[in-house]
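Biologist: I would like to go through this structure feature by feature. Please give the general idea each time, then the case at hand.

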Amino acid sequence: MGKKSRVKTQKSSSGASAAVSPKEIMNLVSELLQKCSSAAPSAGKEWEEYIQIRGMVEKIRKKQKGMSVVFDGNREDYFADLISWAQDNGFSCDSFTVANFGTEGYGLQATRDIKAEELFLWIPRKMLMTVESAQNSVLRPLYSQDRILQAMGNVTLALHLLCERANPASFWLPYICSLPQEYDTPLYYHQDEAELLLGTQAVQDVLSQYKNTARQYAYFYKLVQTHPAASKLPLKNSFTFDDYRWAVSSVMTRQNQIPTKDGSQVTLALIPLWDMCNHTNGLITTGYNLEDDRCECVALQDYKENEQIYIFYGTRSNAEFVIHNGFFFHDNAHDRVKIKLGVSKSERLYAMKAEVLARAGIPASSVFALHCNEPPISAQLLAFLRVFCMTEEELKDYLLGECAINKIFTLGNSDFPVSWENEIKLWTFLETRAALLLKAYKTTTEEDCSMLDKHSLSLHSRVAIQLRQAEKQILEKALASGRAKRLHFQKKLQDGAPLPCYEESDVALLENTAADAKLPIILSKLEGVEEGQEIQMEEYGHLLNGEQAEYGMDRESHGDSDPVQEETQEKVRKDVSSALDSIRSSDSNKKGQREEANLSASRTEDNPKENSE
């Protein structure tokens, strides 16, 4: 199928270190595993831990230099073999070819005019690399005995990819040869490039990703070397950190969920050729046809001959694109910044607030999002903040009485405030929280713009600064929106405007509307899913390129205490008290003037003759 020179070779770089004993590597790997398995560092120490882990990894990488399995030639040398292999196995290749699109990298180029919604690409199951195919491969003995492989399909897929790469007779070799030799995920960032993300909302995920990947590598290196079920794995003689980093990045940027053969469950898969499509805004246009047992993709829009064919990866933030896909998308209508909020268990009204939130289907502590567009907060976050800022009397209104259940439906509806005071509190909280989060950045938006003007910036540095800048812009918009809303509701309170009346018939208004702020909160479930994150499979109907997966053997837990939130609450208490005191003082003066005017009017009516005189 391919020339002999294109078959993988074991490189022994001239820069390779002197022979390293397996025992020496094993000792370094054991130290790494111990470090990565230790308790999570205290707040503010995560970067320090990252540097320590990175130092240990670099020691291992230095010892392993020249030991990785690579392929001769460049990636594009294998595209012809990839197309031939696809055609031989029932893949539809008549409508496109692979082309280089400059800064976007390789992608699919139309070889004819394609109409929107036209089925132009399909891939039979036998061409996919899946967790199921891993179970039927040389990995089977180890998979059947290792609980981590059984629990983590993405890790299984990564090891499956490495085993097949090391097999010269692998069915998937034409696909594997065509994959990038390196990626732009943060796992490939130099330390100074990763440092540019300090202060961002994405940095914690970047550090966790690196730690989890290092821990997995150390665990599986020891397993491959010592477990009897791994004795026949091709990885036994060559399994470097760089190998595992490559496999993890290949899976992370390309994996998708598809139904199992019997359709009873979902499994993870790598989808050759289709996974070369680049992202643009739009709708998901790829699904799985169970009857024909194949992935199918229809055109997102009309494409002329020689135009690039795009797909929509899903409603991901730029942080998710950078961390999981390795790129920053400038025109991202779904960009957002994560914000972790929770009701403190030590608060006197905790039980009441938690109960109201539970009735609305919202956890007392969760990760929400500030969005790049208006409104900056979703219905879920609006509902949470309203409950978060409620007084005891307001909470009772949502817990007791015949209308309490129906009132829960209004929590995420912007048309039905709890009270003017409550709206002032919640928007003041949002404004203050955004301001404090902005203070955590070491640079201003203007300074970021100046840095981006430098042509000498590395690609990773540029992406990191673009992400940092985008986060700040979202926070700045949220701050401005919070200020505008606060002033609006302060005026409502000052003017004595009546609250909109809630009627039972209004429940209908909360359903089947386009605006997010109208949705009934009770219908939204946040269990295990970050707010704003798309549900990525609906009866196997939609496929996204590079679905997100947690590359960690366990998720590190953190306490309820959040210094930023506590600082925000304290500042909000002061700001709100000051604002409300000012309004009450103003109201008191107006009330006195009205009473005096009313009294004068009464006296005039009582003594009409005095006026005539």
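**Strands, a helix and a pocket**

Modeller: Leu108 stands opposite Ile309 in β12. This is a predicted model, in which local features need pLDDT of at least 70 and side-chain atom pairs count only at pLDDT 80 or more, while totals for chains, interfaces and linings use all residues. Residues are numbered from 1 along each chain as its sequence is written, and side-chain values use heavy atoms, with hydrogens and water left out.

Biologist: Which strands pair with β4, and in which sense?

Modeller: Helices (H or I, at least four residues) and strands (E, at least two) are DSSP runs, numbered from the N terminus. Two strands pair if DSSP finds at least two bridges between them. Here β4 is joined to β3 (residues 96-100) by five bridges, running antiparallel. Strand β12 (residues 308-311) also pairs with β4 in the antiparallel sense, over two bridges.

Biologist: How many residues of β4 are buried?

Modeller: Buried means under 20% relative accessible area, exposed over 50%, and partly exposed in between (1.4 Å probe, protein chains only). In β4 (residues 106-110), four of the five residues are buried, so the strand is largely enclosed by the rest of the structure. By contrast in topic, Ile405 lies in helix α16 (residues 404-408) and counts as partly exposed, at 47% relative accessibility.

Biologist: Where on helix α18 do the buried residues lie?

Modeller: An α-helix has 3.6 residues a turn, so residues three or four places apart point the same way. In α18 (residues 445-452) the buried residues are Thr445, Asp448 and Leu452. Seen down the helix axis, they fall within an arc of 55 degrees (taken from the directions from the axis to the C-beta atoms), so they line one face of α18. Their cover includes α19.

Biologist: What lines the second largest pocket?

Modeller: On a 1 Å grid over the protein atoms alone, a pocket is an open set of points with protein on both sides within 12 Å along at least five of seven lines; lining residues have an atom within 4 Å of a point. This pocket holds about 1,200 Å³ of space, a volume being the space filled by probe spheres set on the points, which are joined across faces, edges and corners. It has 43 lining residues, and the closest to its centre are Thr103, Glu104, Asp184, Gly326 and Phe327. Helix α19 (459-495) gives the most to the lining, with five residues.

How values were computed:
On a 1 Å grid over the protein atoms alone, a cavity is a set of points where a 1.4 Å probe fits but cannot get out, and a pocket is an open set with protein on both sides within 12 Å along at least five of seven lines; lining residues have an atom within 4 Å of a point. Contact means heavy atoms within 4.5 Å.
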